[in-house]
Structure formats: C-alpha cells, structure tokens
Amino acid sequence: MQAVIEALKEDFSRNLSVRTSPGALDHITVVTKDGKFPLNQLGQISQKSPQLLTVNMSSFPESTAAAAKAIRESGMNLNPEVDGTVIRVPVPKVTREHRESLAKLAKQSTNKSKEALRKVRSKSITQVKKSKNKVSEDTIWLLEKQIQQMADEAAAEMDKLLAAKTKELLG
C-alpha cells in the first residue's frame, strides 16, 4: 500500500508541476530503430532558462528526429525546435487552463492509485481467508478489519496529497 502512495507522489512531482525542470522530460520514451529508450539515456537534458530546456543529442545524432517527435507527442504541450544535434524546447507560460488540466490529471492519477490500492486490499483479504483452517474466524475477522483500516488510511493520505497538489496548481 505504501508503494502505491510513493508511486503517486512520484507521479505528482514528475508530471504535474507548473515549474520547469530538466527532469520533466526524463519519462518521455523515444522509439528508435534499436528499440525504445527514455530520453535522458539518449541525450543530455539541461535547462537554459525557466522558459527553455535543451536536449543535446550529440551522443546519438541519428535519434534527434525521433526524440523531437517524442517530445512533440508527449502530451505536455511542447513544440521542440531541432538545430543540428541540439533540440530546443521552449516551455510555454502556464495558463489558468493548463493549471486546471493538470489538476484534472492529478485527480485521474489519484483515482488510478486508489484502484491499485483496492486491488492490494482485496488480494490481502483473499490471502487471509485462505488460511481459514489454520486460524480462528475471530482472527480472520480482526485481520480483515486491520487491512481495511490500513487501506482507508492510505486512501485518506492520497486524498490529502491530491488536495495539496490541487491547491499548489490552482493557487
């Protein structure tokens, strides 16, 4: 359950931010003739200014076009410009509309995490029920109650994270 919460925190910090950081492009997957690679393995990502990221593709110049295409199609509203082996990625000003769409994505992400949490809970309860002949029904009932309580606490923490992220995004 803790792993689900950590994954949600990671998703919030990486994908749902109004601040520009070189790490914002790390998760983009580039499809090359040799396979799929994260952008940060093919090129060096750096931040020149708050409104400009650059990706130096001198290590793999043959992948420059594929990397630009991957950035364009990443759903992050970016329009990269290729200049030799360097890809310039101007970062647009964050509009109210964009902040609201990020808040929606945060809610979707939280709902996916809650779904994963429910799966963990139901698997745990199933495992407890399988041990019926080894322990008493009262013990099983107590364990189920504890599992449910842990799931409720994790869901509450996710709701707190979502509320904090929404407040951060919408100000």
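**Close-up 1. The pairing of strands S5 and S6 in a predicted model.** In strand S6, Arg 88 is the bridge partner of Glu 81. S5 and S6 (residues 86–90) pair in the antiparallel sense over 3 bridges, where pairing requires that DSSP finds at least two bridges between two strands, and strands (E, at least two residues) and helices (H or I, at least four) are DSSP runs numbered from the N terminus. This is a predicted model, in which local features need pLDDT of at least 70 and side-chain atom pairs count only at pLDDT 80 or more, while totals for chains, interfaces and linings use all residues. Residues are numbered from 1 along each chain as its sequence is written, and side-chain values use heavy atoms, with hydrogens and water left out.

**Close-up 2. The open sheet of 4 strands.** The strands follow the order S3-S4-S6-S5 with antiparallel pairing. Strand S3 (44–49) and strand S5 (81–83) stand at the edges with a single partner strand each, so one side of each is left without a neighbour in the sheet.

**Close-up 3. The packing of helices H4 and H5.** Helix H4 (residues 96–130) and helix H5 (residues 137–170) pack at an angle of about 170°, with their axes 10 Å apart; axes are lines fitted to C-alpha atoms, for helices over the stretch in contact, and angles run from 0 to 180 degrees between N-to-C directions. H4 is therefore roughly antiparallel to H5, a term for angles over 145 degrees, whereas those under 35 count as roughly parallel, 65 to 115 as roughly perpendicular and the rest as oblique.
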